[in-house]
Amino acid sequence: MAAADSPSAALRRDLCTRGIRLAGKMRADVLDLLDAYVEQQGLDASASVAAVEGVPLAAVERWDEQTGTQRLLQNLAAYRAFRALLAQMLEEQREQLGEAEAGLGRALAALLLQVSAFAYHLEELLRLESRGVPGEEEEEEEDGPPPPPRLSLFEQKLRGLGVLRELAQWAVRSVRDLRQLAKPSPATGAAPGLAESP
Amino acid sequence: MCFETKERRMKIPIPESSITVTIKSSGTAFATKEFVIHQKDISFAPDTPHILSLMPNFRTSTLNLKWSDNGSDFPYGLDALWQIQILRKEAMEVVTQVTYYSKLTHEDVILSWNWTSDMPLECTSHYVKIRRYINATQFLGPKDWSDWSPEKVIPGKDTEPGESGVFPLDPVVAVGSDLTFCCVHEEDQRITNMTYGSKSYKMMRLSSRSHAIRVLNASVSNSSGTNVVCRLENGLEGSVAFVGYAPDSPQNLSCETPNFLIIKCTWKPGRPSGLYGDRRTTYSLFERTSGKNVSCEVSDVNKDHVCGFPVLPDQKTYDFILGVSNPIGQAQSSLLVDITQRVRPKTPEKLTVTGNNSTSIQLRWFINGSFAEIRLLCQIEITSSHSDRKLHNVSVPGRKFSTYTAELNALHPDTKYQFRVRCSAADHFWRWSDWSRGVEQTTSEAPPARGPDIWRERSPSGESLRVFWKPLSLSETNGKIVSHEVSCHQLETVLERKTVPEPSNSTEIKLGKSDCEIRVVARNGAGSSPPSRITSVELPSDNVTTDQAVAMGNGINISWDSYPNMTCGYIVKWCHSSGSEPCSVDWQKFPSNTTNAVIKSALFKPGVRYNFFLYGCKSVGYQLLKNVTGYMKELPPKTAPNFIVEETSSDSILVKWEDIPIDECRGFLKGYLLSFAKGEKDVLKPRLSESGNPELKVNNITDLTKKSMKILDLQGKTSYQLELQAYTAGGLSPPNSLYVVTKEDSVGLIIAILIPVAVVVLLGVLASIFCYRKREWIKETFYPEIPNPENSKALQFQRNICEGNKTLKTLEMNPCTPNSVEVVETQPTAPKIADTEMMSPAAETTVPEDGSDSEMENHVVVSYCPPIIEEEISNPPTDEPGGSSQVVYIDIQSMYQPQIKPEEEPEIDLVTAAGYKPQMQLSISALKIEGHSPVEEELDKTAGYRPQTNTNAWNMGTPDSPGSVESNNENASFGSPCSINSRQFLLPPKDDEDSPKPINTGWSFTHFFQNKPND
């Protein structure tokens, strides 16, 4: 009870709750966008798409053994990747379609905003746990990502499909992760595993 | 010449005509060969050509072949033919072979040839080889093609290890094209299918790693292109095809300048290309004179495309070419314009009103542009609440980014105006600019334009004068009227002055018997109007006539004779009265030369009488000339005239009536209709005029002074209905009715009494004489000395004691009332009870159906004495089983019920249990159970009626059902007892006897009786 009453715990719980709501809304929007995208791009909804490069897979082994920080960091990395990919999709969409299919462009832009907001939300949670938020530029410099290869239009379409599908998966995982984080820790008052996180 | 070589071939110069060749081989004697070669026997085959380069263009699937003609080896001007062969696939199938012509120039020239493949070059390897033929005309011998050059190859992607994909990659083609797509994959992969859009196509094998599909007549793709998908066993490859149209030529290209800074060209793009984004149609505006080119950013969505081109210094004429292109094609449209003649100024801004008085204002506005080279024509729209829209044009010299002004005059004071402005070029009108936003301004007030129209009337006493004026029209008030000033002048002396605030339109001035000149001025916030004048003097008039007038059209026409001495015109005055309010005076003035006028007023109502007074105007005063009574429209009188019967006689009625009040006449009265006919007073009776009574007589009284009428030739003591109606040109009033009975005619009455009395007396006398003369015959006929008993009523028995009148008991031969007993021969085998049954009235049912009348004729009738009926009713026959008790009283139930209780008559128990009592057949039916003889059957047929169903059926009733004994007793209360003479009523009809129907099976008596009334 004491943990539950501490201001930081309450704030974390509040952030988690709002994050869960954001992720739920994001998933609903992604699913809607996925339908529109498949139809507009003339794709087969059942087509299997290879994993999108640069996006950590939502499915992970030993999920329940992960620490809270691990969860937040993985989420943050994924949503930062999604942010970049969605921005690229939006740009490609503008290049290829111009002012046609403006509705799809607007939906993509809206989703990009949601992803950015969710990434910011995750950063807030990480700050709350007194963990440093990994810088994006720093990561890029360290990783030294090569410039993305120029894809054919068909590959762009498939990649877009893969990005949206994976984002939908991540939205589900994020809800579960945040629920896990929102659970009060009986011992420390922190999220489960946070204390032992690196 | 001797040549030495180690090869087996040798080139030697061509001889002039022939040459002897000796081939020797060193070391052997047999190796010598000698022969002669003639020039005509030598064949001419040029050297094999050499392909310099073969360049592929994968985007366009085009091969570019380059080779040298080696012309320096040949004399100038020889024709050269080049045969080029294209081969494809691993098997090197010939795709095409073409012949290319060139002329040798004695120089080495690089020749080039392009070929576009219908198959993407990536799909499979393409090979090219070439040979030549030189038409050496001076060479006598046979000429031949050279050998084929070695093939040059453009390897397909299927030859490159690890290469895969669908080709061509993201092509953009025109609608209707035939497309070939191939799928290059790894050696060990297998293609599941290939689709274009949603349709699967049959694949052609190009190589072990390449398969192709062919799409014919491609239709326009959607905005994101048409996917070409190659499904592999473990993957997916694809390409996106964009099929669209080449750009349409721009239509309606038009250029104009809004400000001499930029030229705006607009056009309609025509048919959409179906291509978007990077593949969209792009536009560029090229000006030929200056050589300047501008790229146009246009929206795909808007239908009207606009492109701006800067106005160049010192250039008036522009020769524009609008170029249009997309990946499929290009088009253009051109326009030559003089920009000074294509000016559509920008919308005027900052419109303001400055300098405002009651009739003029100044407008100021700004136009953002440099119009120094032209004049501007600006149009100002003026609208106000009480005038139509007006347009005012002003021409102003154009200036650079300047403000323009215009003054508007002849406005109306105290009026709210709305203004807006638009401009164009004055000298070469092209188009108006858009309207500026509007501004509102109200002009200031000015004194009323004129004095009000006035009239005056002296009071009946002559002591005061009432002055009337009409309100000024909106266009005359020039502001809000606040009051009227009325003054009375005698020469230059003001006798009285009054200020009357709005909204009064009259005032009273005490004058006494004197006269003065009345002056009235209207006053508003800006000042007073000029005065209106009228004299109070009224000149005496004589011989004033009263005319009648009815409106023709929408006004009442009044005419008068010309009065030369009426120098200042005429005035027609009238009065409007509405209900109880005092009459409001109205008037209209006419010039001196007028002799008629049509008076119109929205206040005139149909059916209302208006009195018009025509005054003539002289310099000294006004004189009444004529009265006119008029109606806007005549209506039927509202009420009927009241009338009474003044006196009646036996043949006449004198009727008198009263005038109808003027208000109820509603028109000029034309006369009365007096109708009469015979008729009694009856509320429901229709009006006489509507009754269609043939005796109806109608008197039309057109003499309006006549107020009575005598109706003659009527019948005495007869009721007459009278109706009186008045009528105008508008129709008949409702009728007023009266009923009058004329007086009795005394002479006729006396005659009517005396004649019947005389006739009766005469008849009496005649009868007496006749009786006296025939008295013997009468005596014998009516009063004989020995009376005939048959004719004696006193000796007649009552025929039907039951139906007989009780009051006749004194005449009955009681205690033995004669009655009839039918004696029927009894059957010797019949049981004793049969006798009883014989005595029952039911036995008489054997008589013919014609009833009691025939009884006397066909049977021996023995009189007997039945007990008194009343006693029989009170004492059931079971109490006295004696002889007289054989007379059985039956009622309706007795048709079905035994008169003897079942326990007392066990023999008939069965029948009794069946719910009814056969009044004669009862015992017979009982006997039938034991043994039914033919005789009994005969008896059965002839006597009474039979059970209508078998008795067993009747026993099926429940103990408490209506069919039980108790129920029977209850049911005995139905119907009234009757003597045997009433049996006819009780017996069923013969038909039922002959064919009894088991209609009562399973049915209760109660039910039967309930249904009886329906029967």
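Modeller: Keep in mind that this is a predicted model. Let's begin where the chains meet: 20 residues of chain A are in contact with 22 residues of chain B.

Colleague: Nice. What area is buried between chain A and chain B?

Modeller: About 1,500 Å², and carbon and sulfur atoms give 51% of that. On the chain A side, A:Glu99, A:Leu153 and A:Phe154 lose the most area to chain B, together 37% of what that side buries.

Colleague: And which helices of chain A each supply at least two residues to that side?

Modeller: Helix H3 (68–97) and helix H6 (153–182). By class, the side of chain A touching chain B has 7 nonpolar, 7 polar and 6 charged residues.

Colleague: OK, how many salt bridges between chain A and chain B?

Modeller: The count is 0. For polar contacts, the rule finds 8 residue pairs across the interface, with both residues at pLDDT 80 or more.

Colleague: Switching topic: in what order do the strands of the open sheet in chain B run?

Modeller: The order is S22-S21-S24-S25, 4 strands with antiparallel pairing. Strand S22 (292–296) and strand S25 (329–338) of chain B each have a single partner strand, so one side of each is left without a neighbour in the sheet. From one strand to the next, the twist averages 20 degrees.

Colleague: How many bridges join S21 to S24 in chain B?

Modeller: There are 6, between residues 282–287 of S21 and residues 317–326 of S24. As for who faces whom, B:Ser284 stands opposite B:Gly323 in S24 of chain B.

Conventions
Residues numbered from 1 in each chain as written. Chains lettered and ligands numbered in written order. Predicted model: local features only at pLDDT ≥ 70, side-chain atom pairs only at ≥ 80, totals over all residues. Heavy atoms only, no water. Contact = heavy atoms within 4.5 Å. Buried area = accessible area lost by both parts, 1.4 Å probe. Salt bridge = Lys/Arg side-chain N within 4 Å of Asp/Glu carboxyl O. Polar contact = N/O pair within 3.5 Å; in protein donor to acceptor, adjacent residues only side chain to side chain. Nonpolar A, V, L, I, M, F, W, Y, C, P; charged D, E, K, R; others polar. Pairing = 2+ DSSP bridges. Axes fitted to C-alpha atoms, helices over the stretch in contact; angles between N-to-C directions.
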